[in-house]
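Try each task on your own before you read its solution.

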Amino acid sequence: MEKMLLNIGPSHPAMHGTIQIKVELDGERIIKADVEIGYLHRGFEKTAEHRTYMQVIPYTDRLNYVSPLLNNLAYAMAVEKLLGIEVPPRAQWLRMIFGEISRITDHLTCIAPIGMELGAFTVFLYAIKAREYLWDVLDATTGARLTTSYIRIGGVRADVPENFEDLMKKALAETRKSVRDIHGLLSRNPIFLKRTRGIGVVSQEDALSYGFTGPVLRSTGYYYDVRKAFPYLYYDEIDFEVPLGERGDNYDRYMVRMKEIEQSMRIIEQAMEKMEKGPVRNEDEVVEAYEAIKAAQEGKYREGKLKLNPNLEGMEKEVYHLIMARVPRYILPPKEDLYRTMEGMIRHFKLIMSGHGLRPPAGEVYVPVEGGNGELGFYIVSDGTDRPYRVHLRAPVFSIMSALAEMIEGHYIADVVPTFASLNMIGGELDR
Amino acid sequence: MVLEEVEREFSLGKKDAADGIPTYYCPGENLFPLMEKLKKDFEVLLDITAVDYLGKKEKRFEVVYHLLSLSGKMRVRVKVEVGEGEKIATLSSLWKNANWLEREVYDMFGIEFEGHPDLRRILLYPEFEGHPLRKDYPLKKSQPRIKLLRPERK
Amino acid sequence: MGKMKGENFVTTTVESLIGWARKYSIFQYPFVTACCGMEYMAAAASHFDIDRFGAGLTRFTPRQADVLFVVGTISHKLAPVLRRVYEQMTEPKWVVAFGTCTVTGGLYDNYATVQGIDAIIPVDIYIPGCPPRPETVLDALIKLQEKIRKEKQKWSLRK
């Protein structure tokens, strides 16, 4: 029996990232597989030890880059647990809404290549079209499409704009339409069923032994969701279901993700109703910056609402206390206070200059959150200075990928493609 | 309660953490029997990681294990102090993902695990010398694999 | 006068014809690693189409490709692979550095990341942004097309 060694190399046509799978083949059957990762190792954990707590937030965006707000949320919740501060209610509702938007984009970005790599190119175009409308909502609120850094320590960065409800309704309608079209194309298609049913099967004992969590564990039939088991934010006041699979093969993983998109949309609609309406922004007399400065030079205080830079839209003083916690030692002051009062300037100075800064008490903390792929948590060790001593990310994809070598042994080489695609490997989270 | 039995049997030291997860210190020899006993209730090994306390403690490293119990909805954290050059038992016969998690700790810190089937680097390449997450490895010291066309940093 | 050897009226017309044909039929090889890949997918899909520039067909093998899009951070572990892919491409070839991590190393100034891929392969177009908006990508594609159109061919065998 002559064996052939094939290298599915680090640069390969699948849209997921760089990974190298070295397989030994007998004809077309795989005898042994060896998975090599680490081609996107960017040194996140070492870099985070040299930055302050607020400066780590943009790095967390780029970890799981298809659902960036969920990583921000996990980090912010961990630091808030360490500091012991409470987040105001409106900020918690906003965090829930944007977290679920991120989860929908994660599942859409996983389903698009599943279709495309098996030959159904239209599925890719439908899913990316729905994702564009969701990114429009993110763009209008946070300013960026992908790497938003929206969820900060103590709350969120800005309040939603006035046309938020219309944008959200349009995005949800388009997502529903796309999901319905993708169901029509794939879910009962005999070619898709033949290529994904019964391939890449994982049993429940194996799944628990490998440390699976998230949609991959739920597709084997085991019910574990961090939002229901250890509720955080306001998930215990919202009514939603957790879909389960039966067999643990590729088809079940695809169906669990499609059903979770529906449930996330239900959560967003309920949260938008339960959240109180924001304060009405009235068009008062607005004071320009040069007028305020001229009055201050003459020793007077010019009354009225200060006009801020358009980049700071959503952070004005009347909404600031609704979206950020009011703890002067750890949270920045609103911009009007910074520009006009002495206490605001001193507070801002002490939090930004190095050497001072946000100094939590010494200790360690681990807070888990339901990410797009499973249980995502940050383990932070602090020693009392303004830089963290150790930051570690519990990556759900790392434990899932350790099972890939066993999952593809014994199958044909063409089965590697749908199996690998359904596990949703994200390079930034796997290699950190 | 299994946690109280285990505390008495193995005489573990307990510590309080900011997030409410029970944290125990365990000496290196008792690690494998302790984990065997905990595996009946705590089905999932979530994470293995390490922290480097260079100069702050007498034993340099601390290896941290996080376990999760799905039926009892509980978590527990076990810490083991390891000095430089010492080895620690492997858990790859109990949980299957311990294989890759321990390879990552070896790659980043240089802590060796006894009995591990395949201990080699996982996130970095074999020609890399040193272990980056140790506190005495400088942040910007890079070891290029091929000849570069221009100097990397000015 | 500054004319290249062997250049005359016929060859400049043929050159502009070749330049026109080449710029509207770009076969790309997307070397996608990280977050910029999401914006690359968005630029390739139906909202911000790059197919209308003639660049929509991705050839997933370097032997058949003209333009190498390096999208996302390149680490030192991946550098030899990138060099090998570039050497496997046939002339004429162009390289586009997409995203700040490929231009200068980006946010990641540490032991693991190559600080700019022009330390490994020669680059023609640099696209900044983290990640760049699709409109920036289309602007860069138009500049690349201009560069391809103006490229001069060698008509004489004498140096």
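**Exercise 1.** How many bridges join strand 1 of chain B to strand 2 of chain B, and do they run parallel or antiparallel?

*Solution.* Start with the ground rules. This is a predicted model, in which local features need pLDDT of at least 70, side-chain atom pairs count only at pLDDT 80 or more, and totals for chains, interfaces and linings use all residues. Residues are numbered from 1 along each chain as its sequence is written, while chains are lettered from A and ligands numbered from 1 in the order in which they are written.

Step 1: Helices (H or I, at least four residues) and strands (E, at least two) are DSSP runs numbered from the N terminus, and two strands pair if DSSP finds at least two bridges between them.

Step 2: count. Strand 1 of chain B and strand 2 (residues 23–25) of chain B are joined by 3 bridges and run antiparallel. For Gly13(B), the bridge partner in strand 2 of chain B is Tyr25(B).

**Exercise 2.** Describe chain B and chain C side by side.

*Solution.* Step 1: list the elements. Chain C has 5 helices and 4 strands, following the pattern α-β-α-β-α-β-α-β-α.

Step 1: box the C-alpha atoms along the principal axes. The box is roughly 65 × 35 × 25 Å for chain B and roughly 50 × 35 × 30 Å for chain C.

Step 2: look at burial. A residue is buried if 20 or more other C-beta atoms lie within 10 Å of its own, exposed if 12 or fewer, and partly exposed in between, with C-beta atoms placed from the backbone. Buried residues are 34% of the 154 residues in chain B and 42% of the 159 residues in chain C.

**Exercise 3.** Which elements of chain B and of chain C face chain A?

*Solution.* Step 1: define contact, meaning that the C-beta atoms of two residues, placed from the backbone, lie within 7 Å.

Step 1: take chain B, where 25 residues meet 29 residues from chain A. Strand 3 (44–52) and helix 3 (98–109) of chain B are the elements that give two or more residues to this side, and strand 3 of chain B gives the most, with 6 residues.

Step 2: take chain C, where 28 residues are in contact with 28 residues of chain A. Two or more residues come from each of strand 1 (28–32), helix 2 (36–44) and helix 3 (79–88) of chain C, and helix 2 of chain C gives the most, with 5 residues.

Step 3: sort by class. Ala, Val, Leu, Ile, Met, Phe, Trp, Tyr, Cys and Pro count as nonpolar, Asp, Glu, Lys and Arg as charged, and the others, Gly among them, as polar. The side of chain B that touches chain A has 16 nonpolar, 4 polar and 5 charged residues; the side of chain C that touches chain A has 18 nonpolar, 8 polar and 2 charged residues.

**Exercise 4.** Why is His12(A) classed as partly exposed?

*Solution.* Step 1: locate His12(A) in the loop between strand 1 (4–8) and strand 2 (20–26) of chain A.

Step 1: count. His12(A) is partly exposed because 18 other C-beta atoms lie within 10 Å.
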